[in-house]
Amino acid sequence: MKHVVIIGSGISGMACAVRCAEEGIHVTLVSPFPSERSQSVMAAGGINAVLSEDSSGDSVECHIQDTLTGGCRLGGVKAVTGLCENAGKILRQLEGIGTVFSVDREGRLLRRAFGGQSYKRTCYCGASTGKQIVSALVMEVRRHEAQGLIRRRLWCCFHSALIRDGVCYGVLLFDETSGGLDAVYADAVVIATGGQNTLFGKTTGSTQCDGYAAGKLFMQGAELKNLEFIQYHPTTLETAQKCMLVTEAARGEGGRLFVRKDGRNVYFMEEKYGQRGNLMTRDIISREIDALGDTAFLDVSFLGKSVIDKRLSELRDLCAKYGEIDITREPIPVRPAVHFFMGGLAVHLNHETRIRNLFAVGECASMYHGANRLGGNSLLAALYSGNVAANAIAGRENRQTAPPDFSGETEREKHRLLQHRDTQSRFPVMYIRDLLAETMRKHMGIVRNETDLAQGLKDIDYYLSIAGKIRYDSSVMPYFNYSLPAILILARAAVACALSRRESRGAHYRSDYPETEKAYQSATVISYDGGKYSIRLDEERAYES
């Protein structure tokens, strides 16, 4: 019987695990924390789907075109078509496993307007759509656990893949409870580790999503794609620890952005873009706020307490708790912050990387969003990609031969892990991670230029030059020690991709190249070989992957 290892137990990982179990495949679901602590629970706004009973005039074709247009035509046409055509089916499946969506008095699903979309097509569960979906999937996972088809391995982190001659045979896991490495063989490995928040430090997301798995697999031969496209969410509430997401649902319900000038409120998005100005795509609004050079505010108070309590209750509570703001009476000060990574591991239509039997799903895979993601498409892509990978794995024949012997590689990595614990210097590992985040925020911001990007490369090259000399000690978990080089290499790859794309497109804006150029209407693909980075524009991946 087939065995699959899935790294990451958020929505995409659990969706893949459940679908594999439905096909009779044994699954080992690996994560450092329970699913209830995954970043997926933070998704508030909703999930996009066009349903057959929709009478607004919306259509699946319109959803496809909005997604492709929002992504500046860098999303794969075949991939986006599959995503949107299956959205209605996925929504009904979620309802079938217990996800409770908001409905009107007649029991019809309510929909929100989200940026860059021609119709209201974002279905939601109040302001906690991610939590509802996670809860429903957790119960499905437990049901298959009881049947012996899914086994959870908590408190474990990905260390590396077991790869030989372009084929993946399993993974090395770091077990936090024992402090050791464990080789786990499998017919397929699925990476579902989310985005790359640690590269920037303070973001809207979880620092559990640090990009290490993508960086390590990049070093092991996988390709990365579209790393320069990093979405800044235009509305966040900054705190000392992180940037709290002020959900796009607030603007979907009618919230208005303004800036105070000469004692009056100037609704800058409406003045420049008209009635739907507050629902322009996230890249456009983020640049407009960044250009203001002043504090922007989001006002929802005029919606009334009853609407806010019913539809934006989590935002109400968040602002009260972290900003002492009563959104029924006063506006919210907002600023853009890193929110989503359109780039990640390059995958084929079936979500397999160029390494045989190694798959990637969810935010860590670059597939559907092109140069800019539409709100409401991330939850849909997480669920759909998990199902696609599971179906591809289920359709393959079982391996006929035993895997190669990886005992030598395993022992070398165990020895290296012990060495990391003993190395001493005046530079602690967390200090370098903080420096990296400062570099990325400064040089990979909303607006970029060649001088800043080149300096970013120099900074990261310096961090890499001392990565083998810094203090790896017992003051931090060993995972933070061994993960640092791959995170630095991933960051360098992202800056290199941004430097190579001499145009402005979607979430990538160059002040020195402000126009969108036809010559760059292709995906950026980067590979790594022994310290050398190779970048190419890949039209085939942009349109057909």
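The entries below cover helices, a helix crossing and salt bridges.

**Entry 1: ground rules.** I am working with a predicted model, not an experimental one. I kept that in mind throughout.

**Entry 2: helix α5.** I started with α5, residues 129–146. I get 18 residues and a reach of 26 Å from the first C-alpha to the last, close to the 26 Å expected at 1.5 Å a residue. Which of its residues are buried? My list reads Thr129, Gly130, Ile133, Val134, Ala136, Leu137, Val138, Glu140, Val141 and His144. In general, an α-helix has 3.6 residues a turn, so residues three or four places apart point the same way. I then asked what the buried residues of α5 pack against. I found α1 (11–22), β2, α4, β6 (150–154) and α12 there. Just after α5, I noted that Gly148 has a positive phi of about 80°.

**Entry 3: helix α12.** One of those packing partners, α12, got its own look. This helix runs over residues 377–394. I count 18 residues here, spanning 25 Å between the first and last C-alpha, close to an expected 26 Å. Is α12 mostly covered or mostly uncovered? Mostly covered, with 15 of its 18 residues buried.

**Entry 4: α3 across α12.** Next I checked how helix α3 (residues 77–85) sits against α12. Their axes come within 10 Å and cross at roughly 100°. Angles from 65 to 115 degrees count as roughly perpendicular, so I put α3 down as roughly perpendicular to α12. On the α3 side I see Ala79, Gly82 and Leu83, which meet Leu380, Ala381 and Tyr384 of α12. I sorted the residues of this contact into 5 nonpolar, 1 polar and no charged.

**Entry 5: Lys89 in α4.** α4 also packs against buried residues of α5, and I picked one of its residues, Lys89. The helix covers residues 87–96. Is Lys89 buried or exposed? I have Lys89 as exposed, because its relative accessible area is 53% and the cut-off for exposed is over 50%. Val50 is 39 residues away along the chain, yet I get 9.7 Å between its C-alpha and that of Lys89.

**Entry 6: salt bridges.** How many salt bridges are in the whole structure? My search gave 37. Side chains of opposite charge can pair when their charged atoms come close.

I looked at Arg142 with Glu36, where N to O is 3.7 Å. The pair links distant parts of the chain: Arg142 is in α5, while Glu36 is in the loop between β2 (26–31) and β3 (47–48), 106 residues apart. Arg142 is partly exposed at 45%, and Glu36 is partly exposed at 42%.

**Entry 7: Glu238 and its partners.** Glu238 meets Lys202 in a salt bridge, 3.2 Å from N to O. I place Glu238 in strand β12 (residues 230–238) and Lys202 in the loop between β10 (188–191) and α6 (212–219), 36 residues apart. Glu238 also forms a salt bridge with Arg335, with the closest N and O atoms 3.7 Å apart. Arg335 is in strand β17 (residues 332–341), 97 residues from Glu238. For accessibility, I wrote down partly exposed for Glu238 at 43%, for Lys202 at 24% and for Arg335 at 34%.

**Entry 8: a network.** Last, I found Glu223, Arg354, Arg536 and Asp538 linked in a network of salt bridges.

Notes. Residues are numbered from 1 along each chain as its sequence is written. This is a predicted model: local features need pLDDT of at least 70, side-chain atom pairs count only at pLDDT 80 or more; totals for chains, interfaces and linings use all residues. Side-chain values use heavy atoms; hydrogens and water are left out. Helices (H or I, at least four residues) and strands (E, at least two) are DSSP runs, numbered from the N terminus. Buried means under 20% relative accessible area, exposed over 50%, partly exposed in between (1.4 Å probe, protein chains only). Axes are lines fitted to C-alpha atoms, for helices over the stretch in contact, and angles run from 0 to 180 degrees between N-to-C directions. Angles under 35 degrees count as roughly parallel, over 145 as roughly antiparallel, 65 to 115 as roughly perpendicular and the rest as oblique. Contact means heavy atoms within 4.5 Å. Ala, Val, Leu, Ile, Met, Phe, Trp, Tyr, Cys and Pro count as nonpolar, Asp, Glu, Lys and Arg as charged, and the others, Gly among them, as polar. A salt bridge is a side-chain nitrogen of Lys or Arg within 4 Å of a carboxyl oxygen of Asp or Glu. The expected span of a helix is 1.5 Å times one less than its number of residues.
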